[in-house]
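The following paragraphs are intended to be read alongside the sequence and the coordinates.

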Amino acid sequence: MQIVAIILLLAMPGGEALADSETDPLTIPSEQLSPQENSTTDPEANLPALFAVYTITWAGFFAFAFVMSRRQKELRREIDLLKTTLKERDQNTEKNE
Amino acid sequence: MLLCLFLVFCWVPTEQNLGVSQRIFYVHVPMAWLGMISIVVVAISSAIHLITNKEKWDSFAYANAELGITFITLLLVTGIVWTKVTWGVWWTWDARLTTTAILWFIFVGYLMLRAYGPKGSQGARYGAIVALIGAIDTPIIYMATVWWRTVHPEMNVGPLSEEDSLDSRMLMTLMISTITFTFLYVWIMIERYSLRRSEIAVDELYQKIS
């Protein structure tokens, strides 16, 4: 749904979104900051940035869910291993008795 | 979530000055809200663990810490992209941005302490102290635009915002987005908490066997 919406918005004509990073300083004092001119002339100039933000956000959540799912699988494997070890130990204890 | 995406991309009007990049707002604000909530939850859970000495509160704190750092990281990343688009720089040492970065480091400190520091109740105790410092940072982040002259936009919602500072459709979209992300947060937190309890149970079993 997100991809369809973005494609629809991108289909409209838009200008270059981002300023040239080679000429812009990395950081400047906040008092010297002012809104970028291109955002006032072309409201759809920053579509790639919008797309990037939503992609990063959802990628972040999916990555977190993926990591959790992997840990869950590892835990299940460890639990099975522990169950087997405990079972063997109990069997050895019974044999010794 | 689909409703939220529909509202953000198809329904809410485009802001006059910032254009379509303003729609980052509907992700950025919920991230901030949930990131700040999570450190407070971590601090409260850690304090309860210290008082009651019950393991489940420590697990709850740890689960929320992992979630919190995810949200604050996403907050900073979305903020950085928006900053570049709006102001032309990737970063500025604005009060709100700086205090948020401090919160991110507090989360990192908490998780590193829990991972590499002393285990058991001592580690939980040290973690609780770090979490309390983070909880102190939260109101500073919230009030940063009021206490200091900042380039970060002032509050549009909440008791300290101006009346009618936000279009009604934008406000509704923001509320729905915040509620949606809150539900997501709660769901992931429940999953992570139960995973953490399982991890602790497995560690205890290993200790018994050895």
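This is a predicted model. Its largest nonpolar core contains 63 residues, and those that touch the most other members are A:Y54, A:F61, B:Y26, B:M31, B:Y110 and B:F181. From chain A, helix 3 (47-96) is the element that gives two or more residues to this core. From chain B, the elements doing so are helix 1 (2-11), helix 2 (25-52), helix 3 (55-87), helix 4, helix 5 and helix 6 (168-209). The most is given by helix 3 of chain B, with 13 residues.

One member of the core, B:Y26, illustrates how the chains meet there. Leaving aside residues up to four places away in sequence, B:Y26 touches A:Y54 of the other chain, together with B:V8, B:V12, B:M170, B:T173, B:L174, B:S177 and B:F181. Two of these partners, A:Y54 and B:F181, are themselves listed with B:Y26 among the core residues that touch the most other members.

Chain B has six helices and zero strands, and its pattern along the sequence reads α-α-α-α-α-α. The C-alpha trace of chain B spans about 65 × 35 × 30 Å along its principal axes. Of the 210 residues in chain B, 51% are buried. When contacts in chain B between residues at least 6 apart in sequence are considered, 71% of them join residues at least 24 apart.

Two helix pairs may now be examined, beginning with a pair inside chain B. Helix 4 (residues 95-116) and helix 5 (residues 120-147) of chain B pack at an angle of about 170°, and their axes are 9 Å apart. Angles over 145 degrees count as roughly antiparallel, and helix 4 and helix 5 of chain B are therefore roughly antiparallel to each other. The residues of this contact comprise 16 nonpolar, seven polar and three charged.

The second pair lies across the two chains. The axes of helix 3 of chain A and helix 1 of chain B cross at roughly 175° and come within 14 Å. These two helices, helix 3 of chain A and helix 1 of chain B, are therefore also roughly antiparallel to each other. On the side of chain A, the contact is made by A:L50, A:Y54 and A:W58; on the side of chain B, it is made by B:L5, B:V8 and B:F9.

Over all chains, the structure holds six salt bridges. In one of them, the side chains of B:E66 and A:R71 meet with an N to O distance of 3.5 Å. B:E66 lies in helix 3 of chain B and A:R71 in helix 3 of chain A, so this pair joins two chains. B:E66 counts as buried because its relative accessibility is 10%, under the 20% limit. A:R71, with a relative accessible area of 28%, is partly exposed.

A:R71 also forms a salt bridge with B:E199, where the closest N and O atoms are 3.8 Å apart. This pair likewise crosses between chains, from B:E199 in helix 6 of chain B to A:R71 in helix 3 of chain A. B:E199 counts as buried, at 16% relative accessibility.

Within chain B, B:E66 forms a salt bridge with B:R192, the closest N and O atoms being 2.5 Å apart. The pair links distant parts of the chain, since B:E66 in helix 3 and B:R192 in helix 6 of chain B are 126 residues apart. Both B:E66 and B:R192 are buried. Through shared partners, salt bridges join A:R71, B:E66, B:R192, B:R196 and B:E199 into one network.

A final point concerns backbone geometry. Most residues other than glycine have a negative phi. B:N53 is not a glycine, yet its phi is positive, at about 60°. B:N53 is located in the loop between helix 2 and helix 3 of chain B. With a relative accessible area of 57%, B:N53 is exposed.

Notes: Residues numbered from 1 in each chain as written. Chains lettered and ligands numbered in written order. Predicted model: local features only at pLDDT ≥ 70, side-chain atom pairs only at ≥ 80, totals over all residues. Heavy atoms only, no water. Axes fitted to C-alpha atoms, helices over the stretch in contact; angles between N-to-C directions. Helix = DSSP H or I, 4+ residues; strand = E, 2+ residues; numbered from the N terminus. Parallel < 35°, antiparallel > 145°, perpendicular 65-115°, else oblique. Nonpolar A, V, L, I, M, F, W, Y, C, P; charged D, E, K, R; others polar. Core = buried A, V, L, I, M, F, W, Y, C linked by side-chain atoms within 4.5 Å. Buried < 20%, exposed > 50% of the residue type's maximum accessible area, 1.4 Å probe, protein only. Contact = heavy atoms within 4.5 Å. Salt bridge = Lys/Arg side-chain N within 4 Å of Asp/Glu carboxyl O.
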